[in-house]
Amino acid sequence: MNSKDFYLALAEKKLIGSSCQVCGLQQVPQRKLCPQCHAENTQITTFSGKGTLAAFTVIRVPPMHMARAGYGSKTPYCVGIVALEEGPSVSAQILNVDLANPDEISIGMPLRMTTIKRESDPSERTYLAFEPC
């Protein structure tokens, strides 16, 4: 159970995390150790990928790896915290929203999981993203 498993699952359009077999805490990405009860008894869980937007921001001054992917002041991108139907929250890029129209993005809007590959990423890793339903 490691980050490689998480990214391999994303490449197959699956969202995995872990569920503590002692206290029931679920989290994304998966963890070997439960941060709530410190048990080492966690199990891989597959999530539906459906959730709602809990918080978001539009980034116009990106970190270097996102600038290399083509984002910048004229090509901003949105990142949000998504509360999954199953309970955990996860941070991810929010795709297919009109950043020029602030009314299009709102707290509580329903989202579904998708993925994105960034052309500038030499590892060709698949990244977690969400889009409006």
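Predicted model: local features only at pLDDT ≥ 70, side-chain atom pairs only at ≥ 80, totals over all residues.
## Largest pocket

The largest pocket has a volume of about 260 Å³. Its lining is made up of 17 residues, and those closest to the pocket centre are Ser91, Ala92, Gln93, Tyr127 and Leu128. By residue class, the lining divides into 13 nonpolar, 3 polar and 1 charged.

Several secondary-structure elements take part in the lining. At least two residues each come from helices α1 (3-11) and α2 (64-68) and from strands β5 (77-84), β6 (89-94) and β8. Strand β6 gives the largest share, with 4 residues.

## Aromatic pairs

There are 3 aromatic pairs in the structure. In one of them, the ring centres of Tyr7 and Tyr127 are 6.4 Å apart and the ring planes meet at 75 degrees; an angle over 60 degrees counts as edge-to-face, so this pair falls in that class. Because Tyr7 belongs to helix α1 and Tyr127 to strand β8, the pair ties together parts that are 120 residues apart in sequence.

Another pair is formed by Tyr71 and Tyr77, with 4.7 Å from centre to centre and 50 degrees between the planes, a tilted arrangement. Both Tyr71 and Tyr77 are buried.

## Surroundings of Tyr7

Tyr7 and Tyr127 also belong to one aromatic cluster together with Phe6. The ring of Tyr7 has a charged neighbour as well: Arg125 lies over the face of Tyr7, at 4.3 Å from the ring centre.

## Thr126

Thr126 is part of strand β8, which spans residues 126-132. Its relative accessibility is 6%, under the 20% cut-off, and Thr126 therefore counts as buried.

Apart from neighbours within four places in sequence, Thr126 is in contact with Tyr7, Leu10 and Ala11, and also with Thr115, Ile116 and Lys117.

Definitions and conventions. Residues numbered from 1 in each chain as written. Heavy atoms only, no water. Buried < 20%, exposed > 50% of the residue type's maximum accessible area, 1.4 Å probe, protein only. Contact = heavy atoms within 4.5 Å. 1 Å grid on protein atoms, 1.4 Å probe; cavity = no way out; pocket = protein on both sides within 12 Å on 5 of 7 lines; lining within 4 Å. Points joined across faces, edges and corners; volume = space filled by probe spheres on them. Nonpolar A, V, L, I, M, F, W, Y, C, P; charged D, E, K, R; others polar. Phe/Tyr/Trp six-rings, centres within 6.5 Å; stacked < 30°, edge-to-face > 60°. Lys NZ or Arg CZ within 6 Å of the ring centre and 35° of its normal.
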